[in-house]
Amino acid sequence: MVSALEILFAATPLVLVGVLLVGLLWPATRAMPIAWVVAALIAWGFWGMPGDYVGAASIVGVMTAIQILWIVFGALLLLYTLMQAGAFDRINEGFAKISDDRRVQVILVGFFLATFIEGAAGFGTPAAVVAPLLLALGFPALAAVIAALIGHIIAVTYGAVGTPIIIGIEDPLATTESTNTAITDAGFTVQAYSIEVAVWAATYHALVGFVMPLFAVGMVVYFFGDRDERSLQPAWDVAPLALFSGVAFVVPYWLSAQISAEFPALIGAMVGGAIVVGVLKAGYLVPEEEWEFPDREEWPDHWVGTIEPGQASAPGVEQTTGDGAATTDGGVGSQMSLLRAWTPYILLVALLVITRVVDPLPAFLQGEPVEVAGTTITAHQMLFTTTWEGIFGTGLSGGIEWVYVPGFWLILCALIAIPLYGMSGTQVKAAWAEAGEKLVAPFIALVFVIAMVQVMLQSGAHAEGVESMIFVLAQATADAIGPAYPFVAALIGALGAAMAGSNTVSNITFGGFQFEAASQLELPTQLIVGAQAVGGAIGNLVAIHNIVAALATVGLVGQEGRVMRLNLIPLAYYAIGVGLVATVFSYVVFPGLF
């Protein structure tokens with residue numbers, strides 16, 4: 001039984017993060033360094049963690065942050081390369097030309113394009129990119145932000161090519177001795193276990209989230225339709241298309257989760273989007289009457305900011321023609337074929353599949369010796385991975401997989417895109433500069449938040465019989481909530497994401513916590529950690545960082561509170577839905593899982 005004093009000290013760093021980020025609205029770049037200092041002082045002063053262990057745990061966090069940023073840089077670089085080349089505008093144009101009906105545009109751009117961008121880039125990118133695209137189509141700025149935020153949520157668990165699972169779940173479980181031992185004792189590798197978590201998270205998303213296209217349409221037509229006669233009827237009129245779109249997304253999404261956490265969002269969006277576009281072009285599920293927003297003069301002031309609808313485009317990007325040359329009339333690259341525009345992402349998916357499932361490539365790219373035709377081949381270790389065993393003489397180790405993780409393949413596809421689109425040196429320089437600029441704030445925040453979490457996770461590693469801060473919090477929470485824990489597991493993850501603005505950081509912070517709590521209550525750990533991964537996704541609906549970024553791109557900064565209030569509706573639906581499913585799965589359907 002843990003003492004009240006232990007619980008108080010263990011909770012202090014997380015409570016401090018909540019107060020600084022949510023209460024005082026400090027930026028993460030200011031809040032996280034302070035939280036790390038507090039966690040380190042508590043670990044050293046109260047937990048008796050020697051200074052070398054505090055330093056080693058922090059180094060593990062820094063190395064993890066660098067690996068995340070390597071992925072994020074590659075994802076942003078590929079995205080901005082396509083933007084500079086005009087390929088991204090061509091992709092958006094392909095969606096937008098299918099129908100002038102605003103409800104259909106919410107489904108195609110606000111759902112399918114947003115989920116695709118989330119799978120490819122993550123880290124708040126979809127709302128910041130899709131919102132101005134919807135604004136350019138004539139949406140009120142506030143409606144564009146709401147649609148983009150709701151539309152991408154189902155994909156966030158697998159954003160940035162699986163980063164929230166690979167870095168947020170797999171790495172912390174592998175580097176924490178107690179969880180690693182428990183998983184291996186149960187007959188799993190940590191990698192295999194994390195895939196199981198990804199599958200269960202996809203299952204929750206599929207069962208609860210397939211209605212999100214309809215939900216997004218409903219939010220737009222109800223809150224941004226005729227203000228005197230608010231009605232959901234226009235949403236029900238396109239319910240067959242919206243529900244078909246949800247199913248078309250979640251089926252390939254769920255199936256691809258069986259292979260790796262890197263693919264679900266990308267494949268769900270690409271396959272589902274292609275199916276829905278094909279169905280619409282064939283004349284099926286097309287709305288009988290087009291739905292439009294009220295006349296512009298009837299819009300309240302808070303619907304629109306400093307950018308007038310119909311005049312925006314992808315943020316920070318010079319408009320181009322299909323061959324990469326800049327235009328003077330603001331048009332998109334309509335001369336480029338859709339296949340050519342999509343080629344780098346199609347290539348990315350192919351490369352990731354090959355490097356994940358074709359033996360012995362996965363082991364070779366992780367720097368391990370492999371045998372080919374009777375000959376042992378070893379990769380150049382430093383080019384493929386960077387490892388530090390026994391940091392500062394402790395038992396803690398860290399590593400960065402430079403080639404195996406998606407960052408390398410994202411950068412490679414961005415480089416291939418340069419000659420593919422005939423890009424100029426100015427365009428290439430602009431894409432690299434934009435990607436690099438976007439890393440500055442995340443670098444500071446990620447380094448300190450992950451260092452803080454690693455100190456909390458490893459605070460019992462220095463001595464036998466000393467439990468970590470995370471273990472103490474998990475045990476106290478399990479004791480307090482008891483059998484109702486599966487119902488609130490997703491809410492815990494949502495709280496983490498709402499504070500930190502990141503599913504990955506939420507998973508790093510609370511993944512081990514959820515594992516330990518499930519173990520204490522003898523609940524299926526895969527189901528509970530899977531619910532955490534889903535909760536970390538839905539918390540992005542009210543994460544102040546994402547909301548501010550999206551509002552800034554449509555010239556509507558200052559409406560953060562209004563967006564958060566509206567988004568509490570889908571958040572409540574998702575959290576309650578996942579909570580109910582997790583409870584039924586844990587106690588009725590799959591109680592025998594590890």
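The legends below accompany an overall view and several close-up views of one predicted protein model.

**Figure 1. Overall view of the predicted protein.** The model is predicted, so local features are given at pLDDT of at least 70 and side-chain atom pairs at pLDDT 80 or more, whereas totals for chains, interfaces and linings use all residues. Residues are numbered from 1 along each chain as its sequence is written, and side-chain values use heavy atoms, with hydrogens and water left out. The protein contains 26 helices and 4 strands, where helices (H or I, at least four residues) and strands (E, at least two) are DSSP runs numbered from the N terminus. Taken along the principal axes, the C-alpha atoms fill a box of roughly 70 × 60 × 45 Å.

Figure 2. Among contacts with a separation of 6 or more, 77% join residues 24 or more positions apart, contact meaning heavy atoms within 4.5 Å. The accessible surface comes to about 21600 Å², and carbon and sulfur atoms hold 64% of that area, which is computed by the Shrake-Rupley method with a 1.4 Å probe; for residues, only the protein chains shown count as cover. The protein has 15 positive and 42 negative charges, and their mean positions are 13 Å apart. Lys and Arg count as positive and Asp and Glu as negative, while His and the chain ends are not counted; each charge is placed at NZ of Lys, CZ of Arg, CG of Asp or CD of Glu.

Figure 3. In α5, 19 of the 19 residues are buried, and the helix is followed by Gly-122, whose phi is positive, near 65 degrees. Helix α10 (residues 190-209) has 20 residues and reaches 27 Å from its first C-alpha to its last, close to the expected 28 Å, and 15 of its 20 residues are buried.

Figure 4. Ala-160 lies in α8 (residues 159-175) and is buried, with a relative accessible area of 0%. The phi of Ala-160 is near 50 degrees, a positive value in a residue other than glycine. Most residues other than glycine have a negative phi. Pro-172, also placed in helix α8, counts as buried at 6% relative accessibility. Leaving aside neighbours within four places in sequence, Pro-172 is in contact with Ile-167, Thr-179, Leu-457 and Ile-508, and its C-alpha is 7.8 Å from that of Gly-511, a residue 339 positions away in sequence.

**Figure 5. Close-up of Leu-285 in a loop.** Leu-285 is located in the loop between α14 (264-281) and α15 (338-357), where its phi is near 60 degrees, a positive value in a residue other than glycine. With 33% relative accessibility, Leu-285 counts as partly exposed.

Figure 6. Ala-248 lies in α13 (residues 239-257) and is buried, with a relative accessible area of 10%. Its contacts beyond four places in sequence are with Gly-268, Gly-272, Ile-275 and Val-276. Ala-248 and Ile-275 are 27 residues apart in sequence, and their C-alpha atoms are 7.0 Å apart in space.

Figure 7. Leu-473, found in α21 (residues 469-481), is buried with a relative accessible area of 9%. Apart from neighbours within four places in sequence, Leu-473 is in contact with Ile-7, Ala-10, Ala-11, Leu-14, Met-456 and Phe-513. Ser-586 lies in α26 (residues 560-589) and is buried, with a relative accessible area of 3%; beyond four places in sequence, the contacts of Ser-586 include Pro-486, Leu-523 and Pro-591.

Key: Buried means under 20% relative accessible area, exposed over 50%, partly exposed in between (1.4 Å probe, protein chains only). The expected span of a helix is 1.5 Å times one less than its number of residues.
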